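These are my notebook entries on one structure. I looked up its sheets first, then a few single residues.

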Amino acid sequence: MATQPLHPLTGDWSLLVTAGDEFTLTLRDGSPVRIAAQDAATAPDSLDTGHTLMADTREAFNRALSGPGYVYARAMHGAAKVELTTWTPV
């Protein structure tokens, strides 16, 4: 298991989790974050793809919510920090 307590995100899509791995992502500051799962290891084409996590509601996101595939994330307003825990199921 690997935990990155202050994983930085920018306004560009970043690959956070590879296909097959489990994860939990929690927002660490007040900036909303967009999360999207893709079938291939290519970033989403649109900035509007996926689900928005709002920090003021203290949302978290995991594999059960994202579904299968590669998980990408981006900050909605310039920059954000998230806590990301990933692991490979046995």
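I take two strands as paired if DSSP finds at least two bridges between them. Strands (E, at least two residues) are DSSP runs, numbered from the N terminus. The model is a predicted one, in which local features need pLDDT of at least 70 and side-chain atom pairs count only at pLDDT 80 or more, while totals for chains, interfaces and linings use all residues. Residues are numbered from 1 along each chain as its sequence is written, and side-chain values use heavy atoms, with hydrogens and water left out.

Entry 1: the sheet with β1.
I looked up the strand order and found an open sheet of 4 strands, β1-β8-β3-β6, with antiparallel pairing. The edges are β1 and β6 (60-62); each has a single partner strand, so one side of each is left without a neighbour in the sheet. On average, neighbouring strands of this sheet are turned by 25 degrees against each other, direction ignored. For such angles, the axes are lines fitted to C-alpha atoms, and values run from 0 to 180 degrees between N-to-C directions.

I then went through the pairs. Strand β1 (residues 2-10) is joined to strand β8 (residues 79-87) by 7 bridges, the two running antiparallel; Gln4 stands opposite Leu84 in β8. Between β3 and β8 I noted 6 bridges, again antiparallel. Antiparallel β3 and β6 are joined by 3 bridges. Thr24 has Thr85 as its bridge partner in β8, and Thr24 also stands opposite Asn62 in β6.

Entry 2: the sheet with β2.
I found an open sheet of 4 strands in the order β2-β7-β4-β5, paired antiparallel. Its edge strands are β2 and β5 (51-53), each pairing on one side only. From one strand to the next, the twist averages 35 degrees.

β2 and β7 pair over 3 bridges in the antiparallel sense, and Ser14 has Ala73 as bridge partner in β7. β4 and β7 run antiparallel and are joined by 6 bridges; here Ala36 stands opposite Tyr72 in β7. Strand β4 (residues 33-38) pairs with β5 over 3 bridges, also antiparallel, with His51 in β5 as the bridge partner of Ile35.

I also checked burial, where buried means under 20% relative accessible area, exposed over 50% and partly exposed in between (1.4 Å probe, protein chains only). Strand β7 (residues 70-75) has 5 of its 6 residues buried, so it is largely enclosed by the rest of the structure.

Entry 3: Ala41.
Ala41 is in the loop between β4 and β5. I read a relative accessible area of 47%, so Ala41 is partly exposed. Contact means heavy atoms within 4.5 Å; not counting residues up to four places away in sequence, Ala41 touches Tyr70 and Tyr72. Ala41 and Ala19 are 22 residues apart in sequence, and 8.4 Å apart in space from C-alpha to C-alpha.

Entry 4: Asp21.
Which loop holds Asp21? I placed Asp21 between β2 (14-17) and β3 (22-27). Asp21 is buried yet has no salt bridge, and Arg63, the nearest side chain of opposite charge, is 6.8 Å away. A salt bridge requires a side-chain nitrogen of Lys or Arg within 4 Å of a carboxyl oxygen of Asp or Glu. Lys and Arg count as positive, Asp and Glu as negative; His and the chain ends are not counted.

The side chains of Asp21 and Thr88 are joined by a polar contact of 2.9 Å. A polar contact is a pair of N or O atoms within 3.5 Å; within protein, one must be able to donate a hydrogen and the other to accept it, and residues adjacent in sequence count only if both atoms are side-chain atoms. Leaving aside neighbours within four places in sequence, Asp21 is in contact with Arg63, Trp87, Thr88 and Pro89.
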